[in-house]
Structure formats: C-alpha cells, structure tokens
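Have the sequence and the model side by side as you read.

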Amino acid sequence: MPPSTIGGINKLSESEKREIYARYIPHELIEKFNLHDLEHDKDLLQFRFAEGSSDVEMMLYHQVNFPDPILYAHLADNINGQIHVLLYILNDPASPRFNVDKMPDGTPTQFGIRRRNIAAEIAAMNEGCSPGQVRHGLRSLRQAMGAFEEFISSLGHDLYFIEPLYYHNAVIFERYGFSYQMGRRHMNEIQAGFAEGGALSQKLDESNPFRSSKAAHSIRLRSWAIHDGILGEPFTNVTMYKRVGVSANISTTPGCEW
C-alpha cells in the first residue's frame, strides 16, 4: 500500500518522495514555463523534507537562481493523518517584485506578520496586490486545485484542510468551494462590521493608505485594512476544508467586489 500521509511519504527514498510530491504541480505550469523532467531537476524543483518529519515544503522555479518560486507549498499532516495546507503561493515571475517580505536591511518580515515594510506594502497595494504578495499571482488557482485534488485522491483522501493566512485568502477559498472547520462566525462578523454603519466601516477614516473608505466594498482592500490592525487583533483561528470534487457554496461576503 502506498503511504497516505506526509509522514509516510517522507520515509521513502528521495527519488520516491520527489515523484509523489511532484504530482501536485499543475500541468499548465509545466507547459507554460517549459518545465520538463522536473523529477530529476533539483535546481528548479526543490524540496525540504526529512525522514521522520510530517511536513514538506516545495519550491518550483521557472529558472535557476530566480529569487522567488512560481509555486511554493507547505503541507503537513494534521492529528488525524489528513493533509493540511499551511501555505500555498503562486507567483508571476514577469510581474514586479515588492519587498513586503523583508525590511530595507533584509530582515524577514514573515509576510508582514512580525514586522512590516510599510513603503513596500503601500506600493504593492497601489499596484493591485493583496497582503503578503511579493508579486502578482499567476491566475491559475483553479488548475492548481485540480492537480492538488488529484494528488489528495491518489493518497486515498477525500478531503483536505487549509489555513488562510489573510482575510482575502479565506474569501478566495470560499469561492473555490471550501467550507469552514472554524472561523465562519468570525468571517460573518467581519462582513457585518464593514457594512454601512458597522464598527469596522467607521474605522475607515483615511488616517493612512490602508484605512481608505473604499475598503468597505472591496475584499482586497478590506484585507489590507485587517492586515493594518483594524480588527484590533490579528486575523487568526480560521481553518477551512474542501471535499474533493464538491463545492460547499458558502459566501460570507455577498455583494462585495474583489
């Protein structure tokens, strides 16, 4: 029987691990960037996994020594042996880079969670990026999810979990069929807060670029306001799940544009 967990896969030989984990790379990315024979290319397809560990990081690059991967994914087993996506990023390498991930002296910001490069964040926001994005995305999440669900099914699972790092991530996952294990009430409270006369909308006082009144009606700008601390606390304690091939048809942001 093939392994059904990250911990089980990590006990295999490196070549076997690489072959299994490479299955969730979307075919469209391979074709778009002419990435063939990735199974053996350790410069373009990099992994961090260790025997005995229950998590794996994947970095897929379109060219050697490029600063950012076109696909980054961090997966782990949860306590029930199901797959939990801790972070999933698609970067467009042709788009400009915004150093929201590091301070001017190079100190990491942990995607703006621990510290913030405000100038870089304002530039990113003004160019249409969302919190945490160092570049624009590849607009291929649907294809990526299809490949990922095939990977999940190949391990014998029919659902998987994901941890949205930012508010806009949770909304995007809703639109791709995810449901909430926890945090749906919090999302509904945020929606009510940004409604006309709501507590959050009243804090959109133009006091800084992240508190624009336009944020009340924009998922992306709401996310920047939340990243800026408008909730009075970090955006946390939201966990979502997706059943393979099934859409939950949930929306906590009816009528709100991107």
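## Helix α2

In helix α2 (residues 14-21), the buried residues are K17, R18, I20 and Y21; buried means under 20% relative accessible area, with a 1.4 Å probe and protein chains only. They sit on the same side of α2, because they cover an arc of only 165° around the axis, going by the directions from the helix axis to the C-beta atoms. Their packing partners are α1 (6-9), β1 (45-48), β2 (55-60) and α5 (141-154), with contact meaning heavy atoms within 4.5 Å. Helices (H or I, at least four residues) and strands (E, at least two) are DSSP runs, numbered from the N terminus.

This is a predicted model: local features need pLDDT of at least 70, side-chain atom pairs count only at pLDDT 80 or more, and totals for chains, interfaces and linings use all residues. Residues are numbered from 1 along each chain as its sequence is written, and side-chain values use heavy atoms, leaving out hydrogens and water.

## Helix α5

Now for α5, where L141, A144, M145, A147, F148, E149, F151 and I152 are buried. The elements covering them include α2, β3 (71-77), β4 (83-90), β5 (159-162), α6 (167-175) and β7 (239-243). After α5 comes G156, with a positive phi near 90°.

## R135 in the loop

R135 lies in the loop between α4 (118-126) and α5, and it counts as buried at 6% relative accessibility. Its side chain reaches the backbone oxygen of S95 at 2.8 Å. Beyond its neighbours within four places in sequence, R135 has contacts including F66, P67, N91 and C129.

Definitions and conventions
Buried means under 20% relative accessible area, exposed over 50%, partly exposed in between (1.4 Å probe, protein chains only). A polar contact is a pair of N or O atoms within 3.5 Å; within protein, one must be able to donate a hydrogen and the other to accept it, and residues adjacent in sequence count only if both atoms are side-chain atoms.
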